[in-house]
Amino acid sequence: MADATEEQQFIIWFQTLDIDVDSKADILAILKAEGFYKIQHLKDFHIDEDLCSLPLKKAEKRRFLSGLKELEINEWRLPPNLYDKSILAPEKDVRGSQETEVDLGGVKMTMQLRKKFEQENLIIPNPVTDKHKFFNSLFCKLFNACYVHLQSRFVKYFKSERKSRWEFRSAMERIQHAYEGIVNTPTGGTGGCDAKRYFSLPPKFDKHDASVVQKSLSELLKQRDLVLEQKEILKKDRKERLFMLEDGIIKKWASVEQEPYNCDAMLQCDRLRGTIETATSKLSTTLSLMKDKDSGGDILDGEEQRKKRRKKENKHHAQARKRQRLERLCLDVAKRLGAPIVCDNLYSPSITGAFQLGANDINCDNLEGITKNALLIEVFDKLKGDLLEESGWETLMQWYHNDSNKPAPILRTKLTPEDNSLKQHGKTELAIRQRVLLLEIIPSDIKSS
């Protein structure tokens, strides 16, 4: 028992759980990836969280929980009855001694060095996901090309390279996937545009076809910009990634692996950009031909459609705002004129029905403060017949026209205000300022005479 390491004890305990042989290796790899590779680590195992991430069947989950309970009863130590040296024999044969060289995809290193890399998370044992497999494959390439020269700096260098290369690969795969969805995926439930069928002008087309072409063209241009962005990132980091010397010469060890990768990555960007630009060129030609053959002018650019729709919406909103102002002003004028009851809708007669205002009933002084404009005339017309008799309407129109051209009195105090504000509008203020200028120009003796 004392000869077994803690990791070996964990493997022994796991093998006693009677789990399906086909999935046992994957489950063990997931446990190690989540940080559970010693029996003592199982103290922190949360049933609600961690157990759900394991691909176990219902009966296997029960056996797993039963094994955890036994470990807890035994104070998180491997029970003596579970220890069997025959179980450890295959593990020892695979691992070998600390000085034995092990092979990892063509990379030979000592077991001690491999354990160090596993602890640094440079080597991922039993990789399951594509990302982890890519990391291990990249490790083999960079270890053979760079480790001898970098030594202690290799860990930092590899982690940086691993991150940047995975991000580049993921970005290019997303762009390629988006391109396939736009060009080759059929429309319908799959969500594609099937833009390939518009690479040449179809015999018959309508507004829907033109809309699909416009949408596909817009999406492809976005993907092309993303490819150019990835290429700019490669160009920007090239000097640092290639470890150039001051005279611009690439270090020998970097040129063996870094230069070919950089060239391949740039070539991949150029190929994908060329593919996208070929598709956009064909779609642009098709859209142009659609517009030329469209006699009714129904096929418009997206921007033109948006402007036309916005103009129509603005006109509708302006009319609605004018109706609201008219209703508010109708209500205000009716109340000022003395209507006892005014219904909400002033376009219909008042609730009393018989109540109307004649010339003798109207006091125009109550309308003081209301701006005289075309809207007020419209209000008088709306109230005519509902609230106003013919004589009352004539009285209001006379009041409107008699006062509309009457100039506002100019007080002496307004000519020299303290805040330099005449508190007048438009022509009135201009006339006051002209009068002030004339008073400054005319001699005093002429003023007195």
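Student: Which residues touch the most other members in the largest nonpolar core?

Tutor: A nonpolar core is a set of buried Ala, Val, Leu, Ile, Met, Phe, Trp, Tyr and Cys residues joined through side-chain atoms within 4.5 Å, where buried means under 20% relative accessible area, exposed over 50%, and partly exposed in between (1.4 Å probe, protein chains only). Here the largest such core has 26 residues, and Phe168, Leu220, Ile276 and Leu283 touch the most other members. Helices H7 (154-183), H8 (207-241) and H9 (252-293) each supply at least two residues of this core, and H9 gives the most, with ten residues.

Student: What should I keep in mind about the model and its numbering?

Tutor: This is a predicted model, in which local features need pLDDT of at least 70 and side-chain atom pairs count only at pLDDT 80 or more, while totals for chains, interfaces and linings use all residues. Residues are numbered from 1 along each chain as its sequence is written, and side-chain values use heavy atoms, with hydrogens and water left out.

Student: How many of the ten residues of helix H1 are buried?

Tutor: Helices are DSSP runs (H or I, at least four residues), numbered from the N terminus. In H1 (residues 6-15), seven of the ten residues are buried, so this helix is largely enclosed by the rest of the structure; Phe10 and Trp13 are among them.

Student: Is Leu376 buried or exposed?

Tutor: Leu376, which lies in helix H11 (residues 374-383), is buried, with a relative accessible area of 1%. Leu376 and Tyr400 are 24 residues apart in sequence and 9.1 Å apart in space, C-alpha to C-alpha.
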